[in-house]
Each structure stands twice: as C-alpha cells, then as structure tokens.
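Hi,

Here's the structure I promised to pass on. Have a look at it first, and then read on for what turned up.

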Amino acid sequence: MLEVYLRPLVMSDLPRVLEWSRDEAFCLANGWPVGLPAEQLQDWFVRLLNNPPVDLVRKGIVVTTPEHPEGYLVGFVDLRELNPLEKRARLRIAIGDETHRGQGVGFAAGLQMLGHGFSELGLERITAEVHSSNSRMLSLVEKLGFKREGVLRQHETRQGIKEDVHLFGLLREEFQPPRDEAWLEKLTSS
Ligand SMILES: CC(C)(COP(=O)(O)OP(=O)(O)OC[C@H]1O[C@@H](n2cnc3c(N)ncnc32)[C@H](O)[C@@H]1OP(=O)(O)O)[C@@H](O)C(=O)NCCC(=O)NCCS
C-alpha cells in the first residue's frame, strides 16, 4: 500500500528536483520554463533552503510502499503568500513526474498541508488558484473541500493560450481533518 507524508526539503533532494525540471506540467505549476540549467536550479534550491521567503511554507511529499519502506520524494506542497495578520495562505501542490500523479498522492499531501495550516499555523482561510486546463487540480481542490469563489477570465497566458484562473477558498470551520493523525507527528517531529 502507498503511504504519503510530508517533511522539510534537504540538500540531498536536489537531484530529484533537477529530474522534475524536465517535466512540463511541473514546470508550468512552478512558473518555470522547461529544462532550466542545473546551475540556476541549484542556486535557487540553496537559497530556498538557507534563506526561505518568510511568507512560504514548503514541504516535500514522500511516498512509501512495501518495496520502498524508506520512502522517496515525489514533489512538494506549499502554503504561499502567508499572511499572519489575515491568517490566510494559498495552497499549491506540484508532483514531479507523471508516474506519481493520479494515485491519490496530491489529495493526501493537500489534506496534510491543510491540517498543518489550520491546526499548527492557526490559519483561518486557505485559497487555491487553478488554471482552467488543469482538470486534475480542479477535481482535487473540490475533493479537498474548497468552495468556488470566482474566476479571473483570460487571466494568464500558458503555452500561448489565454486561460481563465479559477479561485477557490476553504475556511477553517469547513475543513474536515483526516481521522488518522499519525502524519501530523511525522510532519512536526522533523
Ligand atoms: C494537480 C496534482 C497536484 C494532483 O495531484 P494527483 O496526485 O495527481 O491527484 P490525485 O490522484 O490525488 O487525484 C485527485 C482527484 O483528481 C481527479 N483526477 C485524477 N486524475 C485525473 C485526470 N487525469 N484528469 C482529471 N481528473 C483527475 C480525481 O477526481 C481525483 O479524485 P479521486 O481520487 O476521487 O478520483 C498533480 O497531478 C500535479 O502535481 N500536477 C502537475 C503540477 C500541477 O498542475 N500542480 C497544480 C498547480 S495549481
């Protein structure tokens, strides 16, 4: 069985991030061009680890299977634009390659990060912004319990096409935390 937990990123994760930089969907989600030079990514990664932006919480997504009980990194999940005054942030999830998508990993990671945001960070509202072509993320945010709050029409150009961006929001009192909280121990103990 596949299990998912979150942990901080570490320097030895860099080779995985370099692999993901060749995946189009991953790069689009991060706002990167595909195939950024390794040196540029390394500089960015070192800065991220040593001097992370104050308004960003980023956790690595780790999957364990019976064959890989030690677990391996498959992507990361963010709470971005953290606003402590308004107690809100924006969720973003990026799984590094197609082989790990569509298996419930994004859902498990999203649920855990929402739990972290609402319970540990004291947030009251978490938002998400999803491009209209991203049907998987659109399904995922609704499955996580987000409510549709609006649409920014023809808001961003992706691959030469102007796309709508759908706005979602989830309030603390609307969030259904997972019943099994073992993941929270792993997340907070690292
Ligand atoms: C978007 C993303 C985070 C979703 O995570 P995931 O692990 O692939 O998604 P899950 O397997 O948890 O699926 C969640 C829901 O999406 C839907 N879904 C799964 N695969 C789908 C597909 N190919 N097309 C449409 N919907 C799909 C299902 O409704 C699923 O719910 P279900 O398990 O009840 O069927 C992940 O695919 C990803 O990182 N993609 C590239 C980067 C990206 O687009 N990030 C989002 C930036 S806002």
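To get your bearings: where is the place of alanine 89? Alanine 89 sits in strand 4 (helices are DSSP runs of H or I with at least four residues, strands are runs of E with at least two, and both are numbered from the N terminus).

Residues are numbered from 1 along each chain as its sequence is written. This is a predicted model, so local features need pLDDT of at least 70 and side-chain atom pairs count only at pLDDT 80 or more, while totals for chains, interfaces and linings use all residues.

Back to alanine 89. It counts as buried because it has 23 C-beta neighbours inside 10 Å (buried takes 20 or more other C-beta atoms within 10 Å of a residue's own, exposed 12 or fewer, partly exposed in between, with C-beta atoms placed from the backbone). Leaving aside residues up to four places away in sequence, alanine 89 touches Leu79, Arg80, Glu81, Leu82, Asn83, Gly117, Leu123 and Ile126 (contact means C-beta atoms, placed from the backbone, within 7 Å).

Now the ligand. Its shell holds 23 residues, of which Ile95, Arg101, Gly106, Phe107 and Ser139 come nearest (a residue is near if its C-beta atom, placed from the backbone, lies within 6 Å). Two or more residues each come from helix 2 (24-30), strand 4 (88-95), helix 4 (105-120) and helix 5 (135-143). Helix 5 gives the most, with six.

Helix 5 also has a buried side: Met137, Leu140 and Val141 are its buried residues. They lie on the same side of helix 5 because they cover an arc of only 95° around the axis (the arc of the directions from the helix axis to the C-beta atoms). Their cover includes helix 4, strand 5 (125-131) and strand 7 (161-171). Just after helix 5, glycine 145 takes a positive phi of about 105°.

As for the inside, the largest nonpolar core has 37 residues, and Ile61, Val105, Ala109, Leu114 and Val141 have the most contacts within it (such a core is a set of buried Ala, Val, Leu, Ile, Met, Phe, Trp, Tyr and Cys residues joined through C-beta atoms within 7 Å). Helix 4 supplies the largest share of this core, seven residues. Valine 105 touches Val4, Ile61, Val63, Val74, Ile95 and His100, again not counting residues up to four places away in sequence.

Cheers

Definitions and conventions
Contact = placed C-beta atoms within 7 Å.
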